Structure formats: structure tokens, C-alpha cells
Amino acid sequence: SLGAALDHAPTPAIAVSGPEPLTVIWANGPTQAAPEAPAIGSELLEAVPTFGAAAKSAIQRLLIGEGAETGVITHTDWVGTFPVERRSIAWRIPPQASEEAVVVLIQLPDAVGAGGVPVPTTVDQSTVWASA
């Protein structure tokens, strides 16, 4: 049911397994429609080489259950042509819900300021999204 809900979300979302390599095991509609996005079955860091070492480490910690079950991760956009920095909510799917360790990432949308100009998401907004 999570996949069905996220398939229609207006923001890219993926699920990865790991911890090594980080393999994309699911992608929502907006991700699959983007020509530069990683394909299901691909290694995330091969598909998006600029993704970032800190982001990889944070996802791996979630996958092995080290620390919190959720977080906000800063990484390179996985659906864009240019290496733009994005933030995603990341959380580990409960072990009883999946046979393997899985982390779901949902890219946070940019906030929209005056005149419809995008404003980068702040940490406070990311925290609100993560808690929701």
C-alpha cells in the first residue's frame, strides 16, 4: 500500500536494499519517468555516481539498524541531469514487513516562495516532513 500511495506522489521516491551494494529495488512513477533516474535492479551509486559518500553511509546505517529508524539525508538528485543537492526523508522498513533490509527515500520538494520562485528546503521543513 505504501508503494501504491507513493506511485502517485508528485516527488521522486525509491527503495534500496543493501548495505553493499545499495541496490534500487523499487521506484515510483516520477522516478521511472525520468530518463536519468536509476533503474530498478541497478546499483544506486553506479547509476548516480555523485550521490555522495555521506548519504551512502547514512543509508547503510539505516539498513543495518544502527541508530534511528528515520532521517533526513542530503544527496545529489537522482532524477535530474545536473548534480543538484536535494534532501530526502529516509526510513527503514520494519523487519517484519520485508524479507531483506530496505530503506525508502522520498525526495523533499522545494518550498515555493513569493512569485512561485522555488526556495531550497530548510532543515526545519525537513524535520516537519520527517515527523509526518
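I looked for salt bridges, taken as a side-chain nitrogen of Lys or Arg within 4 Å of a carboxyl oxygen of Asp or Glu, and the count came to three. The model is predicted, so I note that local features need pLDDT of at least 70 and side-chain atom pairs pLDDT 80 or more, while totals for chains, interfaces and linings use all residues. Residues are numbered from 1 along each chain as its sequence is written, and side-chain values use heavy atoms, without hydrogens and water.

**Salt bridges**

I looked up lysine 56 and found a salt bridge to glutamate 20, with the closest N and O atoms 3.3 Å apart. Lysine 56 sits in helix H4 and glutamate 20 in the loop between S1 and S2, 36 residues apart. Helices (H or I, at least four residues) and strands (E, at least two) are DSSP runs numbered from the N terminus. For burial I used relative accessible area with a 1.4 Å probe and protein chains only: buried is under 20%, exposed over 50%, partly exposed in between. Lysine 56 is partly exposed at 22%, and glutamate 20 is exposed at 55%.

Next I looked up glutamate 69, whose side chain meets that of arginine 92 in a salt bridge at 3.6 Å, N to O. Glutamate 69 is in the loop between H4 and strand S3 (70-76) and arginine 92 is in strand S4 (residues 85-92), so the pair ties together parts 23 residues apart in sequence. Arginine 92 is buried at 14%.

Arginine 86 and aspartate 77 form a salt bridge at 3.5 Å, N to O. Aspartate 77 is buried, at 9%.

**Sheet**

I then traced the strand pairing, which requires at least two DSSP bridges between two strands. Five strands form an open sheet in the order S2-S1-S5-S4-S3, with antiparallel pairing. S2 and S3 are the edge strands, each pairing on one side only. S4 and S5 run antiparallel and are joined by five bridges. Tryptophan 91 has valine 104 in S5 as its bridge partner.

**Nonpolar core**

A nonpolar core here is a set of buried Ala, Val, Leu, Ile, Met, Phe, Trp, Tyr and Cys residues joined through side-chain atoms within 4.5 Å. The largest one has 21 residues, and Ile14, Val16, Leu44, Ile59, Ile73, Val103 and Leu105 touch the most other members. H4 supplies the largest share, five residues. I also noted a second, separate core of eight residues, including Leu6 and Val102.
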